[in-house]
Amino acid sequence: MKQMSLPLQKLKSETELILEVKNLTKHFPITKGFLGRQVGVVHAVENVSFNISKGETLGLVGESGCGKSTTGRMILRLIEPTSGDINFCGKRINNLRSEEMRRLRKEMQIVFQDPMASLNPRMTVGDLIAEPMQIHGIDKGTPKEQIVKKLLEAVGLRPNHIYSFPRELSGGQRQRIGIARALSVKPKLIVADEPVSALDVSIRSQIINLLEDLQQEFDLTYLFIAHDMSVVKHISDRVGVMYLGKLVELAPKSLLFARPQHPYTQALLSAIPIPSPGAKKDHIILEGDVPNPINPPSGCRFHTRCCYVMDRCRQEEPELREREGSHFAACHLD
Ligand code: SF4
């Protein structure tokens with residue numbers, strides 16, 4: 001398997017690296033029959049590499065099924081990688097035993113897309129927020145109710161929400177509970193997996209602003225996963241673009257939005273609506289569907305939909321290479 005050069009952000013020596021992912025790969029076997037004979041493989045994530053420094057937000061964006069959520073869950077070891085390295089705060093965590101991983105997990109939390117599905121409807125808000133603290137045995141000396149009320153205030157809810165049940169809250173309020181649960185164990189890294197996709201458009205910016213405020217207050221680092229370019233534009237310092245399991249572009253936000261290098265990124269950006277009435281821009285329509293990850297295209301995985309496709313693209317996989325300061329793209333075009 002071809003190993004790509006690592007698109008690692010150049011860090012100042014004093015910058016602390018929180019997460020480093022090298023050649024992360026996930027293949028899901030497809031089995032058939034009573035004996036579970038393997039008949040194929042879903043190439044969900046292939047040789048993905050990036051790093052995140054302390055206090056940074058890396059946005060990971062791409063269409064549904066591109067592997068971005070699988071990448072986030074592998075980092076938390078909720079899904080086991082097929083190969084590749086995950087280093088968290090300088091420590092390789094791939095092979096940690098379950099007890100070591102359980103201890104580490106309080107430093108790496110997840111906020112899910114659907115807060116209703118991720119919250120136990122029979123528990124009160126107070127119990128839901130206190131639960132991760134009990135699991136990890138932290139803040140034993142301080143009354144839980146006091147901590148929970150402070151967390152409720154931090155996420156913009158009233159202290160008396162402590163007695164509510166999830167069904168009594170709006171979607172935005174439930175997502176605030178999901179965020180408070182993650183914060184309760186004082187994590188260093190939060191993987192926010194499509195945290196605003198299930199919310200009304202009017203609520204999305206409130207939650208994104210909240211995440212930004214909390215990042216300062218709680219000294220957080222985010223991997224922010226979304227399918228919507230306009231959402232990652234708001235919150236990210238850098239943006240990684242995934243297509244069919246591959247990282248095809250990675251750059252500081254300003255460079256990526258000003259000078260996208262990969263034709264797929266250019267198409268995604270062209271789909272962002274312009275807010276001013278009457279303003280127009282050319283929308284790049286991608287022809288065809290995303291290919292099947294069981295049998296991804298040879299060469300460049302995007303070649304079946306790319307308007308610049310050349311013979312070389314069908315045969316030779318483009319490396320993710322640096323174009324300008326910390327701007328990487330995987331394309332044969334110069
Ligand atoms: Fe398009 Fe070829 Fe670049 Fe792939 S390598 S994005 S097919 S021009």
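Let's start with H4 and helix H5 (residues 144-154): the two pack at an angle of about 110°, and their axes lie 10 Å apart. Axes here are lines fitted to C-alpha atoms, for helices over the stretch in contact, with angles running from 0 to 180 degrees between N-to-C directions. H4 and H5 are therefore roughly perpendicular to each other. The cut-offs: under 35 degrees is roughly parallel, over 145 roughly antiparallel, 65 to 115 roughly perpendicular, and the rest oblique.

A word on the model. It is predicted, so local features need pLDDT of at least 70 and side-chain atom pairs count only at pLDDT 80 or more, while totals for chains, interfaces and linings use all residues. Residues are numbered from 1 along each chain as its sequence is written, and side-chain values use heavy atoms, leaving out hydrogens and water.

Helices (H or I, at least four residues) and strands (E, at least two) are DSSP runs, numbered from the N terminus.

Back to H4 and H5. On the H4 side we have Val-125, Gly-126, Ile-129, Ala-130, Met-133 and Gln-134. They meet Lys-144, Ile-147, Val-148, Leu-151 and Leu-152 in H5. Contact means heavy atoms within 4.5 Å. By class, that contact has 8 nonpolar, 2 polar and 1 charged. Nonpolar covers Ala, Val, Leu, Ile, Met, Phe, Trp, Tyr, Cys and Pro; charged is Asp, Glu, Lys and Arg; the others, Gly among them, are polar.

Next, H4 with H6. Their axes come within 7 Å and cross at roughly 30°. That makes H4 roughly parallel to H6. H4 passes H6 in a right-handed crossing. Right-handed means the near helix is turned clockwise from the far one by less than a right angle; anticlockwise is left-handed. H4 brings Val-125, Leu-128, Ile-129, Glu-131 and Pro-132; H6 brings Ile-177, Ala-180 and Arg-181. The classes are 6 nonpolar, no polar and 2 charged.

H6 (residues 171-183) also packs on helix H7 (residues 201-218), at about 20° with axes 11 Å apart. That makes H6 roughly parallel to H7. This crossing of H7 by H6 is right-handed. H6 contributes Gly-172, Gln-175, Arg-176, Ile-179 and Leu-183. Among their partners in H7 are Ile-203, Leu-210 and Phe-218. The contact divides into 8 nonpolar, 3 polar and 1 charged.

Which residues lie closest to the centre of the largest pocket? First its volume: about 430 Å³. Of the 20 lining residues, the closest to the centre are Gln-109, Ile-110, Phe-112, Pro-132 and Arg-181. On a 1 Å grid over the protein atoms alone, a pocket is an open set with protein on both sides within 12 Å along at least five of seven lines; a cavity is a set of points where a 1.4 Å probe fits but cannot get out; lining residues have an atom within 4 Å of a point. Grid points are joined across faces, edges and corners, and volume is the space filled by probe spheres set on the points. Helix H2 (98-105), strand E6 (108-111), helix H3 (115-118), helix H4 (125-136) and H6 each supply at least two lining residues. The lining has 11 nonpolar, 5 polar and 4 charged.

Last, cavities. There are 2 of 30 Å³ or more. Of its 14 lining residues, Pro-263, Cys-300, Cys-306, Cys-313 and Cys-331 are closest to the centre. That lining has 11 nonpolar, 3 polar and no charged residues.
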